[in-house]
Amino acid sequence: QVNLVESGGGLVQAGGSLRLSCTASGRTFSNYAMGWFRQAPGKEREFVASINWSGTTTKYADSVKGRFTISRDDIENTAFLQMNSLKPEDTAVYYCATDRVAWRSRLGDSRDDFGSWGQGTQVTVSS
């Protein structure tokens, strides 16, 4: 059973930056792809970014492409989401998640691809 803990959320003005962290325990972190999702009030949880188990491939939602960067540190068992040029529409609770399958060749971008979730961290961007 894997445990995921997100941190780094907060309140920031539009145009600002935040760096989210997701630290994993209880399973071999480096064997699994990691993903970030977000959920705004009244909306479905949506895909933001993912990185494969080896850290060689990333995928982004169109809405964050060019502004957000996902990365991982397998020594620290931590995934990161660097968020730049933040917009009010980025306001949401951000969740990290691990892939259901180890060493998966296809990098997922769907909630169904990910099986373990953190508790979420709130990001609020003021205009």
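In the predicted model, R19 lies over the face of F80, 3.9 Å from the centre of the ring. A charge is also placed over an aromatic ring at W117, where the charged end of R45 sits 5.0 Å from the ring centre.

W117 also belongs to a cluster in which ring pairs link it with F37, F47 and F114. The count of aromatic pairs comes to three. In one of them, the ring centres of F37 and F47 are 5.7 Å apart and the planes stand at 75 degrees, so the pair is edge-to-face. This pair links distant parts of the chain, with F37 in strand β4 (residues 34–39) and F47 in strand β5 (residues 46–51), 10 residues apart. F37 is buried at 1% relative accessibility, and F47 is buried at 14%. The rings of F37 and F114 also form an edge-to-face pair, with centres 5.4 Å apart and planes at 75 degrees. Because F37 lies in strand β4 and F114 in strand β10 (residues 114–117), the pair ties together parts that are 77 residues apart in sequence. F37 and F114 are both buried.

Side chains of opposite charge can pair when their charged atoms come close. Nine salt bridges were found in the whole structure. Among them, R38 and E46 meet with an N to O distance of 2.7 Å. R38 is buried, with a relative accessible area of 6%, whereas E46 is partly exposed at 36%. D62 forms a salt bridge with K65 at 3.1 Å, N to O, and D62 is exposed, with a relative accessible area of 66%. In the salt bridge between R104 and D99, the closest N and O atoms are 2.6 Å apart; D99 is buried, at 2%. Salt bridges with shared partners join R38, E46, R67 and D90 into one network.

Methods: Residues numbered from 1 in each chain as written. Predicted model: local features only at pLDDT ≥ 70, side-chain atom pairs only at ≥ 80, totals over all residues. Heavy atoms only, no water. Salt bridge = Lys/Arg side-chain N within 4 Å of Asp/Glu carboxyl O. Buried < 20%, exposed > 50% of the residue type's maximum accessible area, 1.4 Å probe, protein only. Phe/Tyr/Trp six-rings, centres within 6.5 Å; stacked < 30°, edge-to-face > 60°. Helix = DSSP H or I, 4+ residues; strand = E, 2+ residues; numbered from the N terminus. Lys NZ or Arg CZ within 6 Å of the ring centre and 35° of its normal.
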